[in-house]
Amino acid sequence: MLDAQHGAAPVASVRDLKVYFQTKRGIVHAVDGVSFDIRDGETLGLVGETGCGKSVTGRSFLRLLPVPPGIQAGGSVMFNGHAVCAACAGVGCGACGSTGRQAGRDSSVDLLGISSEDMRRIRGDRIAMIFQDPGKALNPTLPIGAQIAEVFFQHRTEELIALAGLPADTAGAIRRFASQSPRFGDGWLLALPGARAQRRQVEAALAKMVASALAETQVPNPVKLMARYPHELSGGMRQRVMIAQALACNPDLLIADEPTTALDVTVEARILELIRDLQQRRKTSVLYISHDLSLVRRISDRVAVMYAGRIVEIGATAEIFANPRHPYTRGLMAAAPSADTPRGKLAAIRGTVPELVDPPSACRFLGRCPHEAGACRSNDPALQVVAPGHSVACFIDHPAPSGERPTYDRVTA
Amino acid sequence: MTDVQQTRIAAGAMTADTAFRVRMRRLFGVLQGMASNPATVIGLVVIALMLVMAIFAPWILEPNSPDPYQMPRDWGAVRKPPGTPGHPLGTTNEGGDVLYGVIWGSRTSLQLSLMVVGSTMIVGTIVGSIAGLVGGWVDEVLMRLVDVFLSIPELIFALAIAAVLGPSFGNIILALAVVLWVKYARIMRAQVLQIKQHDFVDAARVIGDTKLNIYLRDILPNAVTPVTVQATLDMGNVVLIGATLSFIGLSEAGIAEWGVLVSEGQAGIASGRWWASTFPGLMIFLWALAFNLVGDGLRDALDPRTEGR
Amino acid sequence: MQLRDYILRRLMVLPVLIIGVSIVVFTLTRIGGSPVGIYLSHEMTPDEVAEIEARFNLDKPVWVQYIYWIRGIAMGDFGWSGVAAAPVADVFPLKLAATMELAFASGLVALFLGIALGTYAGARRNRLPDHLTRIVAVSGASLPQFWFGILLLIIFWAHIGIAPIGRSDAAIFASIAHPTGLYTIDAILAGSPTALWDAIWHLVLPSITLGYGATAIVARMMRSALVEELQQDYVDAARAKGLAERIVLKRHARRNALVPTVTVIGLTFGFLLQGTITVEIIYRWPGLGRWMADSVLRGDQATLMTYVLFTSVLFLVVNLIVDLVYANLDRRVTLGK
């Protein structure tokens, strides 16, 4: 086990995840045997270049791949969600510190193996996702409020009915309304005098829940915002709406897929702060996907570096930045500007990410690596522990089965 | 000359040089894309069969004299069902051989579509190019004219023109040409305006190319694509509208044209003589279908957005 | 650009286009020769001909004649129809009602059927229902309506003998009043189920003939719009919220796909309008289309001019409304050129 030394069970464990894509040129191994854990309450940064498979890895948690041509080729994603707080049934109360969860585990499930109906119940409730471009991830024809309301309809029907002051055994058209599963003719039923009043109560309760979810993200005037359409908002506001929507049900795990890439730098800082703040208050675990190393350094407890469908280095943020081992990680750090980079010292990694059609049994960084040696051409390095909590997939730190071993001293042209 | 200008010239020369190669590669990709779509292949096969039929009509069935485009009348065998010796597809009320109409009708349709599409493409391309290149009030006047033409539904416009000119197949060709050129003018103008903004056209201008040269070398080849798609779709569409006008009665009676034959056969259906309308109509359908399939396939293959769809 | 400016500009262009169309129509009919022919007979002397020409202002310059024509239209005088043997303005409303009843019946069916078919196919991309819908779509655009109609008549009228021809049964027609000219509405107003059934029964085959192509247009547009929408991020985002696929499809993807589909309503309307000509000929439907076809063959210029002008104006107005609705619906649309 990679994280055996860590006591508590992780919130999610990815083991040997493989995702392939069928294309005209052959089968692309987009994610090819990825394993890592996300610990309770931590932020794990997943870094890599475009096309390295980091987004696909993130989406695998929710099984959000286009079914053909995306193929779940193997592996597992175990999810160990927290048990729901007994005192408040997940709404958030004093007993659980407004997290809606209590200590201890719910049953653990393999997200790749459960039925689509079970998957649907986890999506948005236990695991939520924020997308790269909030302008595209919000439905342009629905008001903000209606979009967030859907999460509550889907996962908080009981609370909605309770908050509306209706009996728990409310059934028929009203319950169908509160769970967004209308049947043909419900429109007329709900227009009847008695039902209309009840529907109003549910709507009022819903508005309250949506407004409080929005208020969490520190937007000004949440009630007014609910009636606005996405195109009327700024990028930063839209992302706040996305975050409010994602965190509405107090998920155990938040997948943040480059949530600030489409935003201005000034807005970016505030969104990061918001995610960090909400995450710490609610003890949500976060998988933060980004191509920006300096950004990941700011927000993550641990970092996983991905290259060509594999994790090449993983460890605590401080450790990785203090002592990067993999040549690719080192290359990324040299390529990223920071305050103390001297002028003209920025080094790009030569070459581009290789095509992932039928990858050979060799190191994937071959051809771009400055230190490659004989061993790298005939063997495929696996992740191995180099220091407590720090693993690297490179022959520099552990011997190859055969061939000449690479060293940092030797620079290959 | 400044540095910036020099680099732009270099870029211009390079893009103009590689443009041809890029275009050829894209053409190859388009052909590949079309070949991988079964519907397009079916369309191409049907078109090929129609063309063979039209070209070799005089060898397949002896031409009627004096005018081969006039239906031959066998007064000894009127209203015969399919399978009658000498008339495999039966005969019409006036003893016209349905098979003769079907085969020679393909020749008529080919003439119609080639003449209409050819002339509208040329006129539309010229008008659209002038509007796009000259701009200003010329553009304004031409485009308002195009707008007015597009305001009248196609078939109704063509019907009105053909009606004024008098019933004849030649007038149907003329009417369709008058109505349909506007589409090409629109496409061409949009293309010119779009391509005019590209860097390589700027670069060519800096080198000192004449406007005509830039137009012929950079703008026209790029505009070929959308015009070709429209022309392919029109090859089918024109026969459809033309046959409709013939059916209404705007052709000379008795010519070997599918729409005329459907109209002739209509009178017999009450007495159970289904064949005289059915076969020629089927030909119109197949003709239009084939060109629509190929036109759609062409558009999909040319549109980078539809990749993998 | 503001929506209001866009609407204003479009409204200002409309009269210009209508005047343009009227000039084209007028010019066209004058190319065909002086319309004096229909008033003449062989025995008339040149003096009598001149007198008639003077009576109808045909001795004046062409542009003056145009002004007279427009002035007549403004006063409700559309000329004399030789085919109907009555003033065009008298016959027009009745024929229009017949055509509109047919076009609306076909259009409504096409719209609902097309949207349903397009949604069904788009959600099952590259599977059997999708391929079948594509066949319907392409064949609908290639099918000669006059031939399709004749095929249906051969089968259901000549062969099986269940389908009627015309617009109503003569006895049933005489049994109720016809205040609107739309026979289905008239039957409902008169409270006569027999008449309603008769009206609908006569509508079935013509509507199928006319509606097939229109359904194809709508289905095709709806399919491609839905396929486009299903690839958008917000669809995945909706799934990530835990919504059922049914809700993702109906509330999210289809809702957005309907927006571009609105744009084909104008196209479909033009298609239906043109289609009425042949469909009315085949089914002996006493509407504008058949009247126009007769007028064309018998040189009835007044009817021809009125018909072309009227259909164009209708076509323009429908397209304008569609564009405005679209601009209003699509909150992403960028107005202006």
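This is a predicted model: local features need pLDDT of at least 70, side-chain atom pairs count only at pLDDT 80 or more; totals for chains, interfaces and linings use all residues.
Reader: Which chains share the most contacts?
Author: Chains B and C, of the 2 pairs of chains in contact. Two residues are in contact if their C-beta atoms, placed from the backbone, lie within 7 Å.

Reader: And how far apart are the closest C-alpha atoms of chain A and chain B?
Author: They lie 9 Å apart, and no contact joins the two chains.

Reader: Back to B and C. How many residues are in contact?
Author: 38 residues of chain B are in contact with 37 residues of chain C. On the chain B side, the elements giving two or more residues are H5 (136-151), H6 (154-165), H9 (211-250), H10 (258-266) and H11 (275-302). Helices (H or I, at least four residues) and strands (E, at least two) are DSSP runs, numbered from the N terminus.

Reader: Which of those gives the most?
Author: H11(B), with 10 residues. The chain B side that touches chain C divides into 23 nonpolar, 10 polar and 5 charged residues. Here Ala, Val, Leu, Ile, Met, Phe, Trp, Tyr, Cys and Pro count as nonpolar, Asp, Glu, Lys and Arg as charged, and the others, Gly among them, as polar.

Reader: H4 and H9 in chain B. At what angle do they cross?
Author: Roughly 145°, with the axes of H4(B) (residues 98-134) and H9(B) coming within 9 Å. Axes are lines fitted to C-alpha atoms, for helices over the stretch in contact, and angles run from 0 to 180 degrees between N-to-C directions.

Reader: Which residues meet there?
Author: From H4(B), they include B:Leu112, B:Val116 and B:Met121; from H9(B), B:Val227, B:Met235 and B:Val238 are among them. The contact divides into 11 nonpolar, 4 polar and 1 charged.

Reader: New topic, chain A. Why is S7 described as largely enclosed?
Author: Because 5 of the 5 residues of S7(A) (residues 253-257) are buried. Buried means 20 or more other C-beta atoms within 10 Å of a residue's own, all placed from the backbone. A:Leu253, A:Ile255 and A:Asp257 cover one side, and A:Leu254 and A:Ala256 the other.

Reader: Which strands do bridges join to S7(A)?
Author: S6(A) (residues 127-130) runs parallel to S7(A), with 4 bridges. S8(A) (residues 285-290) is also parallel to S7(A), with 5 bridges. Two strands pair if DSSP finds at least two bridges between them. A:Ala128 has A:Leu254 as its bridge partner, and A:Leu253 has A:Ser285.

Reader: What do S11(A) and S12(A) form?
Author: A hairpin, with 2 residues between the strands; A:Gly389 in the turn has a positive phi of about 70°. S11(A) (residues 384-387) and S12(A) (residues 390-392) pair in the antiparallel sense over 3 bridges. A:Gln384 stands opposite A:Val392.

Reader: Last one. How many helices and strands in chain C?
Author: 14 helices and 2 strands. The C-alpha trace of chain C spans about 85 × 55 × 35 Å along its principal axes. Buried residues make up 43% of its 337 residues.

Terms used:
Residues are numbered from 1 along each chain as its sequence is written. Chains are lettered from A and ligands numbered from 1 in the order in which they are written. A residue is buried if 20 or more other C-beta atoms lie within 10 Å of its own, exposed if 12 or fewer, and partly exposed in between; C-beta atoms are placed from the backbone.
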